[in-house]
Amino acid sequence: MRQTIGKLFGIAANRRALLILAGVLVSIYGIAVLLYVQSIPDLGIRSVFSTTIKGDLRIHHGVAPPDGSEAVEVGDIPIRIWPDLLNAPYQIREHLSKFPEKAFDWAQWDAASKQRLIRVRFQDPAGEFEECWCYLGALPPEELVPSILWFILKFMLFSVGALVLWKRPTDKAAAQFFLLCIVTLGAYMGGYHWSHITRLPILLLVFMVCSVLLPVVTLHFYLIFPRRKPIVERHPRLTFAAIYGIPLAFLLVMIGVYLRVRELVYAPAPPVETLASLDLLRNVIVTYLGVAGIWYLGSIVALVYSLWTVSNPTEHNQVKWILFGAVLALVPLSFSFYLVLWDPNAFGAGAATWPMFAASACITVAFAISITRYRLMELDKILTSGMTYFLISFLAGLAYYAILFVGTLMFNATPKLSEALAVSTTALLLMLVLDLARTRLKKVLDRRFSRQKSQLDQTLQRLGQAIEQLVDPIALAQKFLQATSDLLGVARGAVYLRQGEPPLYVLATSLGQPPELAELAEGCPLIEATQNGKIVLARGRSVPWSPAQRQLEYLRGGIAQPLAQNGRLLALLILGPKEPPYRQEDLDLLAAFAQITVLALESAAGHRTIEDLNKDIQGKVEKISEQQRRIFALQSQLRRQSEPFTPKSDFSADGKAADGKAVDGKPVDGKAGDAYEMVGRAVTVSSGGIVGSGPAVQHLLNLVRKVAATDAVVFIRGESGTGKELLARAVHETSPRAAKPFVKVHCAALSASLLESELFGHVKGAFTGAHRDKIGRFELANGGTLFLDEIGDISLEVQTKLLRVLQEKTIERVGSSESLAVDVRILAATHQDIEELIREGRFREDLFYRLNVFPIRVPPLRERIEDIPELALHFVREAAERCKKQVTRIEDDVLPLLKGHPWPGNIRQLENVIERAVVITEGDAITEHELPEEFFDLNGEGRPGASVPRINEAVFEFAEGAARVKSPVTSWRMQRERLEREQLVRALAAASGNKAEAARALGVARSTLVSRLKKLGLG
């Protein structure tokens, strides 16, 4: 593993070195382009792959060429093809430099401007030959300004990319971002002056490589930023081969055709052959511009996909701004593309210069916003304060340099590039010298005041950490001690916090060896001396010691700093001796820090008071909520009592109607198996007898409402006794099949052979005892609903046949080969772990997936304790009606016991407990007398994993309610009160008699604790 990691870092380091080298070379390339183009001779003639004159010619006198004019002769050089027009100024300058004194009829000297004038002959669109005289000089400064500004702008982003790559060489996104900066810098610097660098192959070839790679590198970056796209995850090699292959093929063709054109120009070759090669080069470039446009649109699509899928807010904002810049850049890019296709001469004359600058500025600004505001490339994790200062200074210097450079060019009467460079460079050097002097002065001042500054910085830092612990005085004391010891370089210390009334100062935390005394009482010398906020310092042996200093020495302290507020000592800080001894600035800083800590302690005390009040209010709100739930349960019971009781007939697994009566006037005979039609009451919304108003029940009824309108198979899972059958009935009664039969089969109650006969029916003579035909449950439920309870207990043979029924909607009676079509909705239920049965081979996996279309989990009763009061009252009403007794309510003392029980038998167990209580009660209410003994088990046997519960408000509420009734379980009551009394005594002893601290330790309000103390005789 270590070797693999080392190899990865080695590859990353090599890649980083290559990219940094490429970045340095492309920066040199940009500067070389600027230096080269400002030195070339220029007449102002612009054209693209033709001899058509375009651009603002620098005319001194003569006829200005109208649009569409063709150059015929420049100086004494005839113009046949476009390369002749590009080479003419260079050839003229060389000719004039060789013969400076010779007079030519095609060249003149302008004494006013001190420049050469060259004759340019052209043929206008009408076919007339005209001429004009143009200045031969350097490139105009206004043509250099966009490229210089863009170079400075892009170099800032380039610097950020280099910094991120240097710090994170293994980050592929950082490497791709820096590669994007490299090709962007090379493409735009060469693109601004591509016609001027055509004669220099090395400059033009770098431009061609960068410009061809720019769209593909951009698309590559957006495919992996901010996350790798799915197509890259699935097919990385194929994806990158596709997006890189076509551009690289075009690049090779371009380079080959360009080299062929140079060979033909300098051969020289016939113009026809050269023109053919130029046309081929132009067509290749125009075609690739279309490919580049498609690649750019692909980049926008990748950004849109990232914006749609990314969930991180920071990354979402990064993508949003970059996408905004890319879409905004489409406008100037489209205009430039239009010029290339329909007005190439205007493109060559520089009409696309500022649009391209605008497009680049849009994308650069978008990246800058994403970097500065939304942590693009996580630059904030890399920059230190010194590096940030350096970058700010560097970028500010570049901006200052650009402003001076452009200002010199724009406002000078006779602008010269050399003068602008000299002025701006001199100003930049002067600024650097001043900054260097300022840095030197700052270092001198820092050395002079470094101690005070360092102490103040550390104090503020520790202060921020301490304020975070306002709610905990002990944690605040620990932070305070740690901060002061680190600040002053002390290895030992302690903090005593005030507790109780009369006050006792208890050791809260210590550093190093603990002091001899764990408590300091009011009246001891050290407390008396610091009561008014005065510091106590240990003195030398030659000075008489005060009692406070002697006690400080006994505690091995060198200084005692009080934390007092309005003459009230809140805490005492003791720090050990230090070398050199404490100075006045140490005491001042310590005092300032102590005052801020005092405010934090006061705030902590206020916060604790508010917390106590909040707990008290919360307890009262919970009691009110409990009363509201009981009222709602009573209202539900009253509504149920007012509704007529009309039980619906259905079929169970034994073949009889649930009410035991005849259906449609025919007797029900489970053995006969005759077909009967169920009579049901159509309903739109039904709870199926489910009782409860808690969130779990509401969630179940919401699922029932959603699935009932469909014929989807419902798979109900849950523990025994949770009401799975009621839920199935609710699905049926709410569905469009409510008027049709609801047939239920308890699969666990029947053997495999009998279950098959019950489900599918049989024909006479199918097996021993089959004396006549029998209709199965599927036929009985035709058009309605079939509920298969405990389906996990059926045999594999029956599972196979059941799977066929679910797939084909047909059945075959036992002993018959005739297929019968049935229209039955299946509802299934089980309490078993079906997945475990599948692993054991006892349940078919394909049948499970057929049944598990719409799974519903019925929660056990212990997960819906808020419904226990309503369920208990419902069962009280039903049991009282069956037993002919006038039991109408449940005592308040019983409800906490019912809620605290684990109910392993769930609702069925609760129903049995309530029915037992109704049977044995002699009054009109159920009390704790009628509950089984398991509800009063002190050892926790009736509550798995439980022991004596922690005393809280619910226990107090229960105890207060239980005290109002004379319980027959006196031993339980006495044992309970004894345990509660012992727990309260222990809590008070641990809190040194402080009731507020004891209440916090027990998790109850102080008022509740005081009330219980009085009731237990501990007041």
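Modeller: In helix α29, Asn906, Ile907, Gln909, Leu910, Val913, Ile914, Ala917 and Val918 are buried, where buried means under 20% relative accessible area, exposed means over 50% and partly exposed lies in between, with a 1.4 Å probe and protein chains only. This is a predicted model, in which local features need pLDDT of at least 70 and side-chain atom pairs count only at pLDDT 80 or more, while totals for chains, interfaces and linings use all residues. Residues are numbered from 1 along each chain as its sequence is written, and side-chain values use heavy atoms, with hydrogens and water left out.

Biologist: What do the buried residues of α29 pack against?

Modeller: They pack against α27 (868–883) and β23 (925–926); helices (H or I, at least four residues) and strands (E, at least two) are DSSP runs, numbered from the N terminus.

Biologist: Why is Gly161 called buried?

Modeller: Gly161, which lies in helix α3 (residues 141–167), has 0% relative accessibility and therefore counts as buried. Leaving aside neighbours within four places in sequence, Gly161 is in contact with Phe177 and Phe178, contact being heavy atoms within 4.5 Å.

Biologist: Why does Lys744 count as buried?

Modeller: Lys744, found in strand β14 (residues 742–746), has 17% relative accessibility, so Lys744 counts as buried. The C-alpha atoms of Lys744 and Phe787 are separated by 4.4 Å, although these residues are 43 residues apart along the chain.

Biologist: What makes α32 roughly perpendicular to α33?

Modeller: The axes of α32 (residues 995–1002) and α33 (residues 1006–1015) come within 9 Å and cross at roughly 100°. Because angles under 35 degrees count as roughly parallel, over 145 as roughly antiparallel, 65 to 115 as roughly perpendicular and the rest as oblique, α32 is roughly perpendicular to α33.

Biologist: Which kinds of residues, nonpolar, polar or charged, form the contact of α32 with α33?

Modeller: They divide into seven nonpolar, no polar and two charged, where Ala, Val, Leu, Ile, Met, Phe, Trp, Tyr, Cys and Pro count as nonpolar, Asp, Glu, Lys and Arg as charged, and the others, Gly among them, as polar.

Definitions and conventions. Axes fitted to C-alpha atoms, helices over the stretch in contact; angles between N-to-C directions.
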